[in-house]
Amino acid sequence: MATCHGFDWGPSDGGNVDLSTAYLSRRSGPINESADPYIVPLDPNCVSALTPVAYVGEARYLPGIEDANYNADIIKQAIMDNGALYINIHFDNDYMNYANKTYYYNGTQYTNHGVAVVGWDNNKTVTGGSAATPSSQGAWIIKNSWGPSWGENGYFYVSYQDTKALSTVAYFPSNIDYNADSEIYYYDDFGATYGFGYGSGNNYGLVKYIASENQQITMIGTYINDAETDVTIEIYDNFNGGTLSNLLGTTGTNSCTYPGYYTFNLLDPTNIIA
């Protein structure tokens, strides 16, 4: 992912959940590190023609601290159900206490670092750095990406009161086995980077694909931009004069609790002829 994501970022320039979702949903990875060792910046070039170890067709974006429906209990339950979650923070050394491995930022700068939240401690006292100290106990347990020599064997504590930690929260809840005989149809290598449209109501979209050979369609994936969304996807054979005809298959109606990327099974596998 560090070198093959395709975006205009170098391998040491960072990343985010949008980049990761695009990379995984188009089945560019994940790749075993043994097949593509992380030796950046010695070799910043993408190693092509590697076989993914799975297909990750699910991503969930939870409410962050700047969202009206943010709830720390939702984050904690997601950790228990799914393991580590992606979050972002604003990191500045002035707000880090390296003696007790605690961090507290109370400013308004943009987030600048991605980490993983792996747990929490409601009774943890966070002192933070010289710039600020929180008024109450409680902290998220964070795994950093700077190696085991940093912090507490690579981990540190971020105050519940931090003003930027958990601005974005996401995870990838499941995957399926990689199948070399399967094919994914898509147009956009870079996933959902911008959106516009209606704020509410029933909305529609249409996309056309031409099969490369006789195949069977079993699943369809799409981005969901808003919480509590119901989505129905149908496959038609013909589109003429603004009219769809010859319904081949459908996912039925699926309810999506959170935004993210979803993959739905067709109610019945659909055979198509190229």
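These are my notebook entries on a predicted model of a protein.

**Entry 1: overall figures**

I began with the whole chain. I counted 2 helices and 14 strands in the protein. The C-alpha trace spans about 65 × 45 × 30 Å along its principal axes. Of the 274 residues, 35% are buried. I took the accessible surface next: the total comes to about 16,100 Å², and carbon and sulfur atoms hold 47% of that area. For contacts with a separation of 6 or more, I found that 66% join residues 24 or more positions apart.

**Entry 2: charges**

I looked up the charged side chains. The protein has 9 positive and 28 negative ones. The centres of the two sets lie 7 Å apart.

**Entry 3: the open sheet**

I then traced an open sheet of 10 strands with mixed pairing. I noted its order as S4-S5-S8-S7-S6-S3-S9-S2-S14-S11. Which strands stand at the edges? They are S4 (96-97) and S11, and each has a single partner strand, so one side of each is left without a neighbour in the sheet.

Within this order I checked the pair S2 and S14, which is antiparallel over 2 bridges. Arginine 60 has glycine 260, in S14, as its bridge partner.

**Entry 4: helix H1**

I turned to H1, which covers residues 17-25. How many of its residues are buried? I found 8 of the 9, which makes the helix mostly covered. The buried residues are Val17, Leu19, Ser20, Thr21, Ala22, Tyr23, Leu24 and Ser25.

The strands are S1 (54-55), S2 (59-62), S3 (85-89), S9 (169-171), S11 (215-224) and S14 (260-272). I see S2, S3, S9, S11 and S14 in the order of the 10-stranded sheet as well.

I also checked both ends of the helix. Just after H1, arginine 27 has a positive phi of about 65 degrees.

Last, I looked at strands S12 (residues 229-240) and S13 (residues 243-256). They pair in the antiparallel sense over 10 bridges.

Technical notes: Residues are numbered from 1 along each chain as its sequence is written. This is a predicted model: local features need pLDDT of at least 70, side-chain atom pairs count only at pLDDT 80 or more; totals for chains, interfaces and linings use all residues. Side-chain values use heavy atoms; hydrogens and water are left out. Buried means under 20% relative accessible area, exposed over 50%, partly exposed in between (1.4 Å probe, protein chains only). Helices (H or I, at least four residues) and strands (E, at least two) are DSSP runs, numbered from the N terminus. Contact means heavy atoms within 4.5 Å. Two strands pair if DSSP finds at least two bridges between them. Accessible areas come from the Shrake-Rupley method with a 1.4 Å probe; for residues, only the protein chains shown count as cover. Lys and Arg count as positive and Asp and Glu as negative; His and the chain ends are not counted. The place of a charge is taken as NZ of Lys, CZ of Arg, CG of Asp or CD of Glu.
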